[in-house]
Amino acid sequence: MSLRGDKKLEQYLIENFEWFHRHPELSYEEYETTERIRAVLTDAGIEILEYPLATGLVAVVRGRKESADGHYGVTALRCDIDALPIMEEADVPYVSEYTGKMHACGHDFHITAGIGAAILLQERCEELCGTVKFIFQPAEEEAHGAMKILESGAADDVERIWGFHGDPTNRVGAVGIREGYVTAAVDRFVIRVRGVGCHGAHPDDGIDPILASAAIVQGLHSIVGRNVNAFHPAVLSVTRLQAGATWNVIPTVAEMEGTVRTMDREDRVLYERRVRETAERIAAAYGAVAETEWTAGPPATYNHKEMARVCEDVARKQGMEAVPEESSMGGDDFAYYEDKDAMGRELPGCYVKIGVGVGQQIHHPAFRVEQTAILPAAEYLAAILLADSASASGR
Ligand code: NI
């Protein structure tokens, strides 16, 4: 007996969406999620490709249409599948059954729209030229699940990649599209400032790491204003500053942590160098020693011009409203697929924001997706993949 039976696609997708919403799994723990995706796709007659992945999976729809020039392209759609460690407060009848875990970023919507697009594309494979891979990717929230997919070899033959995110600042039927940078490179730093602890009444006996840290925080904020080109977006935030345990002791160590967001590759390199220099030299001026630990996350996501046009044209044809999208200083590990350093070659990509109804922001405990967004999103994504394959020959 088929899972879908005689259900209409929309009803079937909504039922699955609710199932995924009730069973949220954190990054790298998406076992039940993966099994469910596998079952639904297999039930629809869609082929699953075997790659060495503990969670997440890659499915494929093979086109039957003959290419005009003999070139059969391989494109991919990326759907991320993980949830967040958040206690759900959304007022929905299909609330999370796993206490403290929630699909607060709408990846349940991504999974379902991706499944819907695969089913629709499979139904129209006679019109499809080339191959489309559906990448159900783990651990986007940890910002390196994309690397697991790349390491598995699943993207080796991919020529272009499409991505999307549900957008709670837009109504259902609207899609935010932008050419160029859409999300920022995400870097993280920890700075440890070591001084000499002493009595709070006798600061002259020690070296105060708190005072040095205060100066470092100020100094770090001068980088964007004094070192980065004024036309290049960049942000630095110090988000944690910790030192000491009581009122009358100057501690030995202070520690701060924060993030740097940039779009431009060279700014990213510049920032790392200037953060290290600023911390070390200001600390030295106070007689303290600063050490910086730098962790590079995903690079910036760049929307290829021609692909952004396809998204706009298809939106118009599907009766959706294409709205201009602002670029965000947020990040998405989708950028790894496009990145030359991660891929060994540059891969053109495009990432759009699909309206899911105006409400609480993503990662909010009361975030929710309007279910009416699911089928149109699936149809839109399938139409993009089909339109892309039509223009693929001659590429
Ligand atoms: Ni997300």
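At what angle do helix H1 (residues 9–22) and H10 pack, and how far apart are their axes?

Analyst: The model is predicted, so local features are described at pLDDT of at least 70 and side-chain atom pairs at pLDDT 80 or more, whereas totals for chains, interfaces and linings use all residues. Residues are numbered from 1 along each chain as its sequence is written, and side-chain values rest on heavy atoms, without hydrogens or water.

Helix H1 (residues 9–22) packs against H10 at an angle of about 110 degrees, and their axes are 9 Å apart. That angle makes H1 roughly perpendicular to H10, in a scheme where 65 to 115 degrees counts as roughly perpendicular, under 35 as roughly parallel, over 145 as roughly antiparallel and the rest as oblique. The axes here are lines fitted to C-alpha atoms, for helices over the stretch in contact, and the angle runs from 0 to 180 degrees between N-to-C directions. Helices themselves are DSSP runs of H or I with at least four residues, strands are E runs of at least two, and both are numbered from the N terminus.

On the H1 side, the contact (heavy atoms within 4.5 Å) is made by Leu 9, Glu 10, Leu 13, Ile 14 and Phe 17, while H10 supplies Ile 374, Leu 375 and Ala 378. By class, these residues divide into seven nonpolar, no polar and one charged, where Ala, Val, Leu, Ile, Met, Phe, Trp, Tyr, Cys and Pro count as nonpolar, Asp, Glu, Lys and Arg as charged, and the others, Gly among them, as polar.

Another residue of helix H1 is His 21, which counts as buried because its relative accessibility is 4%; buried means under 20% relative accessible area, exposed over 50% and partly exposed in between, with a 1.4 Å probe and protein chains only. Apart from neighbours within four places in sequence, His 21 is in contact with Glu 88, Val 92, Tyr 94, Val 95, Ser 96, His 103 and Asp 108. In the loop between H1 and helix H2 (31–43) stands Tyr 28, which has a positive phi of about 70 degrees although it is not a glycine. Most residues other than glycine have a negative phi. Tyr 28 is partly exposed, at a relative accessible area of 28%.

A nonpolar core is a set of buried Ala, Val, Leu, Ile, Met, Phe, Trp, Tyr and Cys residues joined through side-chain atoms within 4.5 Å. The largest such core has 69 residues, of which Leu 41, Phe 109, Ile 115, Phe 134, Phe 136 and Tyr 380 touch the most other members. Helix H10 (residues 374–390) gives the most to this core, with eleven residues. A second, separate core of 23 residues includes Leu 220, Ile 223, Val 275 and Ala 283. As for Leu 41, and not counting residues up to four places away in sequence, this side chain's residue touches Ile 46, Ile 48, Leu 57, Ala 59, Ile 115, Ala 118 and Phe 136.

The model also contains a metal site. The nickel ion is coordinated at 2.1 to 2.2 Å by Cys 105 (SG), His 107 (NE2) and His 165 (NE2); donors are N, O and S atoms within 2.8 Å of the metal (3.2 Å for Na, K and Ca), and water is not among the atoms, so sites may look incomplete. Along the chain, the donors of the nickel ion follow the spacing C-x1-H-x57-H. Distant parts of the chain are linked by Cys 105, in the loop between strand S3 (74–80) and helix H3 (107–123), and His 165, in strand S5 (residues 160–167), which are 60 residues apart. Both Cys 105 and His 165 are buried.

The chain as a whole holds ten helices and 16 strands, and its C-alpha trace spans about 80 × 45 × 40 Å along the principal axes. Of its 395 residues, 53% are buried. Among contacts between residues at least 6 apart in sequence, 81% join residues at least 24 apart.
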